Amino acid sequence: MSTLHILFRVGEADYVLPAQDVEQMESFSGATRVPGAPPYVSGLMQIRGKVVPVVDLRVRFGLPAQDISLDSRVVVGRHGDRRVGLLVDRAREVIKLAPDQFRAPPDVVAAQAQGFVRSVAQAGERLVMLIDFEKVIGREV
Amino acid sequence: MTTLGGFDEGEFLAGFLAEAEEHLARAQKSLTALDSAARVGSAAPKPVRELFRAMHTLKGLSSMVGVEPVVEITHEMETLLRGADRSGGALGGATVQLLSTAVRALDVRLKQLAAGKPVTAAPRELLAALAHAPSATTQHGGAQVLLPEALAGKLGQSELAQLALGASRGERAVRVDFTPSPESAARGVNITSVRERLATVAELVKVLPLSRPVTADSPGGLSFAMVLLTRESDARLAEVSQLEASAFVALPSREAPASEPAVEEVEEPESRSYVRVEVSRLDDALERLGGLVVLRFRLARAAADLEARGVDVRELKAVLSEHSRSVRDLRSAVMRSRLVPVSEVLARVPLIVRGLAQSTGKPVRADVDGGSAELDKSVAERVFPALVHLLRNAVDHALEPAAERVAAGKPQEGLITVRCESRGSSQLELSVSDDGAGIDRERVAQRAGRPVPKTDAELLELITRPGLSTLDTATRTSGRGMGMDIVRKVAVEQLGGELLLSTERGKGTTFTLRIPLSITIIDALSFRCGGQTFVTPIGAVEDVVEVEPGAVTSSPSPPGADGSRGGAVRLLRRRGEALPLVSLPHLLNLTPAPQGLPKALIVRKSHQRCALLVDRMIGRQEVVVRPIGDPLVTVPGVSGSTDLGDGVPTLVLDLGAYAAPGRTRKELELT
């Protein structure tokens with residue numbers, strides 16, 4: 001049974017999140033900085049009346065921060081009661097992926113990704129990485 | 001606190017009934033005393049006055065709620081008792097009997113009102129008997145107050161008589177106009193406060209809610225005309241009520257008033273089991289409770305530290321856990337005291353709909369079911385204008401004219417349904433439905449110059465665009481649009497809720513508001529700091545000062561052991577005191593961008609004062625604080641976020657955290 005996944009790009013790589021964990025996608029025009037928050041937190045954004053923190057995935061993944069572009073998107077994911085936006089370079093596609101398409105990430109990817117990548121899948125010619133959303137947004141303290 | 005218009009009649013129906021019951025109970029007590037006095041043929045000035053006061057208050061309350069029969073009966077009783085008081089407080093047994101009958105008649109009518117049944121008219125013979133009772137000295141007719149047309153028709157016989165009586169006593173009749181606006185709400189001026197304040201210096205004869213065009217100044221589309229009797233000057237009235245002097249217009253009376261002193265009423269009222277409390281006091285209690293919660297965390301931390309050092313803290317921990325429970329209970333008790341039943345909020349809906357039906361000439365029926373849910377007073381106050389907008393739109397625009405409805409096979413009478421349900425433990429769902437024409441997507445799209453929306457959500461997006469509402473002729477045909485941006489603003493921006501729409505051509509439209517049961521509202525100062533806007537509770541700021549270059553000195557500070565520059569501590573001289581001056585932008589890792597002379601907020605934490613430098617002040621306003629729940633953004637010094645109306649979150653800073661001793665030293669080095 002293949003399910004829908006949201007495909008997005010950060011740096012030179014493609015990542016996916018299951019569509020059922022994604023609440024919505026928004027264009028990004030900046031967030032309210034929160035002094036004292038971790039450096040990978042862009043700030044707060046108000047999306048349809050809800051205030052959500054936004055994590056800059058470039059910074060989270062150790063890439064240099066980049067200016068906001070027209071392609072920048074915020075993918076709002078849900079984890080339990082938490083709603084967190086992920087700032088990505090681009091998010092345009094939805095693809096279908098079956099569970100058997102996923103494999104454990106190759107060692108080199110796993111090491112570099114600091115555990116943020118749960119598994120990888122081959123989608124056509126592209127290699128896409130399934131993100132560990134919970135790990136990216138950090139566990140509740 | 002804040003408020004809206006038109007709220008008071010229905011809003012206080014339950015409160016009114018409770019209060020009325022107490023006045024009746026007191027009346028019974030006075031009657032018993034009068035009865036005993038009458039049996040021995042002695043005068044009883046005290047119970048006469050008590051009964052007079054009870055009836056006088058009941059009359060005032062009833063006229064606000066609009067129960068005319070109660071007003072008429074209490075008015076005649078009041079006149080009779082006033083006469084009895086002047087003649088020394090002696091009443092014959094027959095008159096006491098008559099007053100008992102009148103109190104029973106009041107009781108019957110109030111019970112009818114409580115049960116939602118129609119209230120029977122005041123019996124003519126009872127009114128006549130009261131008017132002609134032996135002790136009554138009728139004062140009517142000495143003078144006549146001339147009313148403008150708009151008001152004349154709205155005052156009942158008893159109110160006209162009351163005015164005449166007042167004028168003949170030498171009091172001035174004055175008309176006061178008040179339009180609730182966001183600006184007046186921000187100053188804490190609302191119909192309740194105006195009424196209560198005026199009541200201290202004048203006798204309120206009538207409060208009339210009037211509908212007026214919706215403007216930015218009057219998003220509720222409601223204003224109030226009050227008629228009162230007073231001996232005070234307009235200037236004094238303006239001062240007491242906090243309204244402009246121009247809001248007061250003297251109503252001329254036809255005859256030179258006779259000079260007769262008014263009855264002195266100086267005795268203390270008895271205590272009641274029903275208390276009306278200003279919301280700001282409840283807010284205050286809640287805020288203090290917040291402080292207690294923080295203290296509890298600190299206690300728990302201190303205990304953990306002791307335990308880590310090997311101290312036996314079992315007893316302490318037991319006390320702490322009990323303390324935690326108490327704080328939790330206290331919190332829910334305070335929260336409960338702020339709750340009002342939704343049904344009370346919705347009690348005025350049928351009245352509003354009836355008024356709209358009259359003004360549009362469309363037959364409409366309102367079906368209201370508020371359920372048993374309760375919500376925070378401040379939420380109720382904010383959601384009410386949105387509700388009024390939705391009702392007005394439904395009657396004005398959504399419901400077709402009767403003939404059209406009949407042609408479409410619908411009942412001639414339109415139906416507006418208002419429902420309220422709890423949604424989980426923290427949200428309410430309030431819906432307003434009509435069985436009208438539904439929204440014409442094509443017309444809306446055409447008018448907005450946009451593609452035709454495919455879903456109801458897209459349509460909602462379109463009709464809540466500001467500006468669309470101004471084209472009102474087109475609105476009539478498209479069905480909706482008036483003030484929808486305001487409704488959205490209330491639901492989404494002010495309350496952090498949601499607005500939903502479902503509409504079907506020919507069948508009708510439903511708007512649903514999902515709103516939180518409670519919110520925290522604070523009076524806040526907003527300011528710019530390092531290119532960002534922040535707000536902070538006004539209570540945390542002692543003063544705001546301009547920082548003149550000459551008022552700043554650097555104190556000598558020894559260089560650090562590592563040869564660092566020793567962080568010269570800057571001090572601000574203020575009223576003979578030197579305060580540490582800390583740059584807030586630096587603290588927050590932002591780049592200062594002052595415009596003109598920088599300002600400093602004087603903040604106090606325990607016994608230490610500290611001046612926090614900011615770029616510039618913006619203003620003062622009430623804001624709704626939303627807690628920042630996510631651990632990613634839970635940082636000390638940031639207590640929540642708010643929306644100043646631009647759709648962008650603005651951080652609420654707890655400046656005390658930055659002025660805290662222990663942090664100050666390090667922070668000073670940063671500047």
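These legends describe close-up views of a predicted model.

**View 1. The largest nonpolar core draws on chains A and B.** This core holds 54 residues. Phe8(A), Tyr15(A), Leu57(A), Leu584(B), Leu653(B) and Leu655(B) touch the most other members. In soluble globular proteins, nonpolar side chains tend to be buried together.

**View 2. Surroundings of Phe8(A).** Residues up to four places away in sequence are not counted here. Among the residues that Phe8(A) touches are Tyr15(A), Leu57(A), Val75(A), Val88(A) and Ile131(A). Asp14(A) and Arg90(A) are also touched by Phe8(A).

**View 3. Ser641(B) in strand β21 of chain B.** The strand covers residues 638-643. Ser641(B) counts as buried because its relative accessibility is 2%, under the 20% cut-off. Beyond its neighbours within four places in sequence, Ser641(B) contacts both chains. Leu44(A) and Val51(A) are among its partners, as are Val624(B), Arg626(B), Ile628(B) and Pro649(B).

**View 4. An open four-stranded sheet in chain B.** The strand order is β2-β3-β1-β4, with antiparallel pairing. β2 (202-211) and β4 (248-251) are the edge strands, each pairing on one side only. On average, neighbouring strands are turned by 25 degrees against each other, direction ignored. Nine bridges join β2(B) to β3(B), residues 222-230. Ser211(B) stands opposite Leu222(B) in β3(B).

**View 5. Two buried cysteines, Cys529(B) and Cys610(B).** Cys529(B) has 0% relative accessibility, so it counts as buried. Cys610(B), at 2%, is also buried. The disulfide count over all chains is zero.

How values were computed
Residues are numbered from 1 along each chain as its sequence is written. Chains are lettered from A and ligands numbered from 1 in the order in which they are written. This is a predicted model: local features need pLDDT of at least 70, side-chain atom pairs count only at pLDDT 80 or more; totals for chains, interfaces and linings use all residues. Side-chain values use heavy atoms; hydrogens and water are left out. A nonpolar core is a set of buried Ala, Val, Leu, Ile, Met, Phe, Trp, Tyr and Cys residues joined through side-chain atoms within 4.5 Å. Buried means under 20% relative accessible area, exposed over 50%, partly exposed in between (1.4 Å probe, protein chains only). Contact means heavy atoms within 4.5 Å. A disulfide is a pair of cysteine sulfur atoms within 2.5 Å. Helices (H or I, at least four residues) and strands (E, at least two) are DSSP runs, numbered from the N terminus. Two strands pair if DSSP finds at least two bridges between them. Axes are lines fitted to C-alpha atoms, for helices over the stretch in contact, and angles run from 0 to 180 degrees between N-to-C directions.
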